[in-house]
Amino acid sequence: MTESAPVNRPLRALLVGAGGMGRGWLRTIRAYDEVELVGVADLNVATAKAALDEAGASEVPVGQTLEELADAVAPDFVVDVTIPEAHHPVTMEALRRGLPVLGEKPLAATLTEALELTAAAQAYDRLFMVSQSRRYNGHLFAYRRQLLQLGRLGVLTAEFFKAPHFGGFRDAMDHPLVLDMAIHAFDSARFLLDADPVSVYCEEYNPPWSWYAGDAATTAIFELSGGLRYVYTGSWCSPGQETSWNASWRASGEHGTARWDGDGPPTLEIVEGREAAPNSDDPSVDPHPGIAGSLREFVAALRTGSTPMGTARDNVMSLAMVHAAIASAKAGGRVHLADILEQAYTQARAQATGPVADALAGWTSVSPPG
Ligand SMILES: NC(=O)c1ccc[n+]([C@@H]2O[C@H](COP(=O)([O-])OP(=O)(O)OC[C@H]3O[C@@H](n4cnc5c(N)ncnc54)[C@H](O)[C@@H]3O)[C@@H](O)[C@H]2O)c1
């Protein structure tokens with residue numbers, strides 16, 4: 001990737017999507033002096049205007065689309081906070097224009113679109129990073145260091161039990177928990193274990209009292225490289241003794257156990273007669289929390305050429321976990337991620353055109369090249 005971000009001034013950000021999460025991004029961008037908000041696009045211009053008025057930034061130009069604003073405001077990069085179905089067209093257009101993109105999760109609405117966008121970042125030689133905001137958490141980093149001390153790991157579990165009444169699209173969508181929320185825990189597990197998911201067996205179901213149309217509860221058992229298991233159990237209609245939004249975690253290894261309740265500091269027990277395994281993780285690393293952390297990492301990557309967490313080619317594996325889990329629940333059996341990726345790759349090659357098709361054709365495996 002050959003980024004060439006100017007070093008002597010704040011980077012110019014164009015925000016696309018000013019809904020619930022877009023407003024959070026707007027505040028975060030404005031609060032960071034390395035970045036200047038130069039435009040806000042939303043299909044509903046009144047939404048963009050209202051978000052800017054609320055932030056005391058009414059002077060920032062607004063428009064309906066990225067296309068409408070990009071030439072006029074000359075951004076250095078785009079922040080894509082549109083709905084998942086719009087991630088593909090918006091991010092593709094930005095990359096085609098040579099603009100790096102910091103996008104909200106999920107990478108795209110489908111795995112096929114995700115592979116196309118990953119290829120587009122390669123074809124247009126621009127950074128496309130997905131902001132998995134829950135990775136930017138000092139306790140999660142500390143927990144990762146604890147896991148390294150456990151020696152060889154057997155199993156990592158994450159429990160997620162909440163009972164939110166969102167109203168709106170989540171109540172009506174298929175797979176609301178797995179598609180909209182579990183990706184955070186799946187992605188955190190990849191971060192914690194630094195291992196690749198191989199296969200999954202998943203069941204989805206909807207408790208009788210559920211207020212969701214789609215299945216709001218799930219259990220997924222992943223096998224990762226090296227035989228390690230990751231078990232996720234969650235429900236979005238589970239009132240009482242709710243877990244953290246970050247889930248509640250337990251890791252069992254040969255020297256002991258480490259737990260994290262998702263909110264406070266994690267705890268480690270190395271059993272008597274065993275010693276913590278040595279590790280080289282830097283204990284001083286403590287990221288800025290949430291989307292402020294991913295924005296900082298993205299800007300640093302543009303300025304220095306460093307590789308951030310959440311590049312599209314890395315994040316596509318977290319999305320593959322989601323789609324493999326759904327495929328497993330539908331099929332009633334274990335699904336290999338390589339098969340899911342192969343299908344998506346075949347579809348992506350069939351529908352991509354121009355430089356994106358060329359980039360896809362050059363991949364020697366279904367996983368994007370590093
Ligand atoms: N990281 C997190 O914790 C977190 C939390 C909430 C939402 N999200 C993600 O953020 C994204 C946005 O979610 P939200 O809750 O803000 O949704 P939302 O529906 O409230 O807002 C989306 C906005 O995008 C606009 N939009 C749609 N298509 C567009 C296009 N082509 N061009 C310009 N504007 C367009 C819509 O008009 C709307 O205002 C989703 O991908 C969601 O998964 C992440």
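Phe186, Phe222, Tyr230, Tyr232 and Trp249 come together as one aromatic cluster. Keep in mind that this is a predicted model, where local features need pLDDT of at least 70, side-chain atom pairs count only at pLDDT 80 or more, and totals for chains, interfaces and linings use all residues. Residues are numbered from 1 along each chain as its sequence is written, and side-chain values use heavy atoms, with hydrogens and water left out.

The structure holds 13 aromatic pairs. Here, rings of Phe, Tyr and Trp (its six-membered ring) pair if their centres lie within 6.5 Å; planes under 30 degrees apart count as stacked, over 60 as edge-to-face and the rest as tilted.

| Pair | Centre to centre | Angle between planes | Type |
|---|---|---|---|
| Phe222 and Tyr230 | 5.8 Å | 20° | stacked |
| Tyr230 and Trp249 | 6.0 Å | 10° | stacked |

What does the pair of Tyr230 and Trp249 tie together? Tyr230 belongs to strand S10 (residues 229-235) and Trp249 to strand S11 (residues 248-253), so the contact links parts that are 19 residues apart in sequence. Strands here are DSSP runs of E with at least two residues, and helices are runs of H or I with at least four, numbered from the N terminus.

Now for Trp249's own strand. S11 pairs with strand S7 (residues 153-161) in the antiparallel sense, over six bridges; two strands pair if DSSP finds at least two bridges between them. Within that pairing, Trp249 is the bridge partner of Ala158. S11 also runs antiparallel to strand S12 (residues 256-260), with four bridges joining them, and there Trp249 stands opposite Trp260. S11 and S12 make a hairpin, with two residues between them.

The charged end of Arg170 sits over the ring of Phe166, 4.7 Å from its centre, and Arg296 lies over the face of Tyr32, at 4.1 Å from the ring centre. To count, NZ of Lys or CZ of Arg has to be within 6 Å of the ring centre and within 35 degrees of the ring normal.
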